[in-house]
Every structure is written in C-alpha cells, then in structure tokens.
Amino acid sequence: MTRQIAIANQKGGVGKTTTTFNLGAALAERGAQVLMIDLDPQSALTASCGLDPHSITRTTFTLLTRDASLASCLRNLSPNLHLLPGSVDLATAEVTLANKANAPFRLRDALANGQVPLDYVLIDTPPSLGLLTVNALVAAKELLIPVQCQFLSMRTVRALLETVWLIHKKMNPDLDLLGVLATMYRADSLHSKEVVAELRSVFEDKVFEMVIPDENAIAESPATSQSVIAYKPDSAGARAYRQLAEVIHHAQ
Ligand SMILES: Nc1ncnc2c1ncn2[C@@H]1O[C@H](COP(=O)(O)OP(=O)(O)O)[C@@H](O)[C@H]1O
Ligand SMILES: [Mg+2]
C-alpha cells in the first residue's frame with residue numbers, strides 16, 4: 001500500500017517545502033520508494049532539487065491539465081527518490097481546472113492510474129486553500145501540518161482543519177491527520193517552548209515528539225541542491241528529519 005501524505009498549511013514560510021524535501025530524502029535513505037510532488041506555482045521544491053521550474057516541460061501542471069501519465073512526468077533524483085516537478089504555470093491551473101469536470105479529483109485519479117510502484121507519495125502544497133491544495137487533500141490519505149515555532153497562528157491551523165473536515169466529509173473520507181510538526185524550533189527561545197506547549201494542549205499526541213530545529217544547515221542545503229541529510233548528515237536537522245521518517249514509517 002502506498003502511503004499518500006499531503007504536507008499542508010496555508011501560511012507561507014512554515015517549512016512545508018523543507019519538510020517534504022528532507023522527509024522524502026530520509027524515507028528514501030531507509031530504502032523506501034518515494035515520490036515528491038510539487039504543487040506550488042513557486043516551485044521551491046523543484047528548485048531545491050536542482051531543477052529549473054521555468055524550463056521543464058512535463059510537470060504537475062501537465063499531469064493535472066493534459067491527462068499526461070504519471071510516469072511520463074517523473075524525474076528520478078536517485079534510484080528511489082523521484083520528483084513530479086512544479087512550474088510557474090501551476091498558477092493558472094486554478095482557472096484552467098475550474099472548467100474541467102472533477103477538478104478536485106485530478107491528482108487523485110492521476111495517481112490511482114499511475115501504475116508506478118511507490119511506498120510514499122509526499123505532496124508539497126502552495127500557501128493557500130485553493131484548488132491545488134484541495135487536490136492534494138483529496139488525493140492524500142494522511143495530512144502532515146508543519147507549524148513554525150517562531151510564530152503560532154492557531155487561527156490559520158483551525159481554518160485548515162475546517163477545510164480538511166469538509167473534504168473529509170464530502171470528497172475524501174480516508175483523509176486522516178498524521179501529525180502536527182513543530183518546525184524552526186529554537187531551544188533558547190521561550191516563545192518556541194510556548195508554541196509547542198500550546199500545540200500539545202490542542203492536538204495532544206498528534207504533535208510529533210521530535211521538533212525540527214531552526215538551523216543554518218537546513219536553510220543552506222537547498223542552495224546546494226541537496227537535502228540536509230546529504231548536505232550535513234550529522235547535523236541536528238538531519239537527525240530530526242531521520243527521526244521523523246522513522247516515526248512515520250512505524251505510524252501504520
Ligand atoms: N528548520 C529550519 N531551520 C532554518 N531554516 C528553515 C527551516 N525550515 C525552513 N527554513 C527556511 O525557511 C524558509 C521557508 O521554508 P519553506 O520550507 O520554504 O516554507 P513553506 O514551504 O511552508 O513556504 C526557507 O527559506 C527555508 O530554507
Ligand atoms: Mg513551499
């Protein structure tokens with residue numbers, strides 16, 4: 001069974017792309033076959049993988065709007081880490097798709113018809129609750145919500161959960177909350193501790209035990225087109241993402 005996990009939070013800059021990339025690398029390092037999907041028009045995930053989102057022709061956009069097959073749009077980054085790249089024209093997909101039948105189901109159907117053997121599909125989403133994020137939440141079975149420890153917006157998380165609840169009820173009864181991940185945690189910051197405490201009081205054991213530290217190695221690694229796991233394998237960030245992969249692997 002393929003685990004399909006959407007990484008979502010409509011707030012920008014909370015660590016969605018960073019988590020998709022590093023969790024993907026950590027799961028692949030464990031030997032799993034992993035596909036990362038870039039659904040963000042800004043395509044930071046694609047750029048982090050060392051690809052130019054402006055020059056790729058077969059992308060998530062092609063898959064969603066032209067009925068292209070999954071296999072024909074994939075890039076192999078390593079023998080078991082694969083990317084479905086994003087591109088700037090995803091920005092127009094919300095409009096293009098609006099005229100199509102079953103718009104919210106395009107990604108789900110493309111994955112179901114994909115016939116590519118995978119252990120994990122990780123879907124990186126844009127900072128909005130529009131049709132692209134809805135496609136991710138309809139295609140996924142599990143939701144991972146990264147929350148930045150430097151600034152907690154409980155209102156944002158609640159709005160996300162309301163959308164998730166609606167999608168659960170109307171379009172995807174299989175969707176479950178995998179967990180809430182505290183990112184950019186600073187051990188020397190009282191505020192970071194307060195944010196984690198607040199998250200635990202609301203989401204209880206759905207908050208992952210490990211937190212992702214605020215660390216230069218994590219911020220620097222995309223510029224080298226590597227995950228932090230490859231860039232600084234012994235860094236606290238690499239260790240935290242490996243632990244996350246371990247916990248997620250055993251979560252089912
Ligand atoms: N744990 C971290 N430590 C330091 N910098 C981080 C960390 N996680 C993310 N960043 C940086 O913060 C910025 C926003 O992260 P990103 O993953 O792109 O957020 P999102 O995808 O939610 O918009 C990026 O520049 C990224 O490199
Ligand atoms: Mg992003």
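Modeller: A residue is near a molecule if its C-beta atom, placed from the backbone, lies within 6 Å of it. This is a predicted model, in which local features need pLDDT of at least 70 and side-chain atom pairs count only at pLDDT 80 or more, while totals for chains, interfaces and linings use all residues. Residues are numbered from 1 along each chain as its sequence is written, with chains lettered from A and ligands numbered from 1 in the order in which they are written.

Biologist: What makes up the shell around ligand 1, and which residues are the closest?

Modeller: The shell holds 18 residues, and K16, T17, T18, I218 and A219 are the closest. Helix 1 (16-29) and helix 10 (216-220) each supply at least two of its residues; the largest share, 3 residues, is that of helix 1.

Biologist: How do you know that the span of helix 12 agrees with its length?

Modeller: The expected span is 1.5 Å times one less than the number of residues. Helix 12 (residues 236-249) has 14 residues and should span 20 Å; its end C-alpha atoms are 20 Å apart, so the two agree.

Biologist: What makes strand 3 and strand 4 a pair?

Modeller: Pairing requires at least two DSSP bridges. Strand 3 (residues 75-78) and strand 4 (residues 81-84) have 3, in the antiparallel sense, and therefore pair. N76 stands opposite H82 in strand 4, and a hairpin of 2 residues joins the strands.

Terms used: Helix = DSSP H or I, 4+ residues; strand = E, 2+ residues; numbered from the N terminus.
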